[in-house]
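Colleague: I'm new to this one, could you walk me through a few places in it?

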Amino acid sequence: MNSTIYDVSRLSGVSIATVSRAFSNPDRVRESTRRKVFEAAEVLHYSPNAIAQAMARQRTDKIAFLICKEGASILDEFYAGICNGIMGETNRTDYELVISTAADWDMAANTSKNKQVEGVILGGNARPDMISELQSRNLAVVLVNNRISGLDIPCVVSDEYGGVRLALEHLISRGHQNIAMLAGRFSPYILGERYRAFLEITQAHGLAADARHIKLCDPTVESAAAACQELLSHPDRPTAIFAANDVLAAGAMKAARRMGLRIPDDLAVTGLDDSSACGMLEPELTSVHIDCHRMGELSVARLQALLAGDQDVPPVTVVPAELRVRGSS
């Protein structure tokens, strides 16, 4: 038979309210009384109900990570890396983690798991209405891989500008003066940062950079291949392609081969993300490494700081990027 709080009350000789307080707010109970309660609980193998404890403390110790990317699943490689960092960090704490896509979360809006969370990490292009709804419930919110101006929400991002600079300066150091960009239709923040960095860095090095050198495409291999084929069909075709992620880079390499070009002799290609695809391509792809794992860890740290009432949580946390040079450049 399972012991109850009434059994602990009888054995310890204190009231039920005092037993409850000893578990939910131990600092409000004298040490000698706490000791009686805990000794009785140990003898009776009594464990206070977790939900009852949470209600008493107005806390659930539960947080959520939502992937806000159209058509995404938790198997998405980029967000899986962030998720691994989040899981590793929460496993070192008392927090329970719920993982979902934003679309699935919306479908389960009225379930108990949604109502019990204390804070939410939003990965990617979170919708403004979702952010507003979470804030209206007084939940702590942190953005990861996204930054929205005008919103007072801590965010954790990779050094997008610095990553583009690493790739471009690598290509320039190899003698390339005619560099084009394949810009994927990503979230407004990611696309905007990578586009701005490409323009400013090429111009700072005295290179031509206008609409002819930038092609916007869907984030698929075939769309990138078609866009790259257009770039390579110009009489003054580029000698290097900076692709705004590795999927686009794979499309660029596909287009080059279709046109009989050798990589990197006739066309150098760099990507961004340093995904598992880099080692599957031939030659292997030079890419900017984004430390997704560290981004996940830091997003949990920022959320925990908010939940603890910290008034000095950094508004923006930037994780450094690193260039991984391989055979494609």
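**Around G81**

Modeller: G81 counts as buried, at 18% relative accessibility, where buried means under 20% relative accessible area, exposed over 50% and partly exposed in between, with a 1.4 Å probe and protein chains only. This is a predicted model, in which local features need pLDDT of at least 70, side-chain atom pairs count only at pLDDT 80 or more, and totals for chains, interfaces and linings use all residues. Residues are numbered from 1 along each chain as its sequence is written, and side-chain values use heavy atoms, with hydrogens and water left out.

Colleague: Which helix is G81 in, and what is G81 in contact with beyond its sequence neighbours?

Modeller: G81 lies in helix α5, residues 77-90, helices being DSSP runs of H or I with at least four residues and strands runs of E with at least two, numbered from the N terminus. Leaving aside neighbours within four places in sequence, G81 is in contact (heavy atoms within 4.5 Å) with C292 and H293. The C-alpha atoms of G81 and H293 are 5.3 Å apart, although 212 residues separate the two along the chain.

Colleague: Changing topic, how many disulfides are there?

Modeller: A search of the whole structure finds zero, a disulfide being a pair of cysteine sulfur atoms within 2.5 Å.
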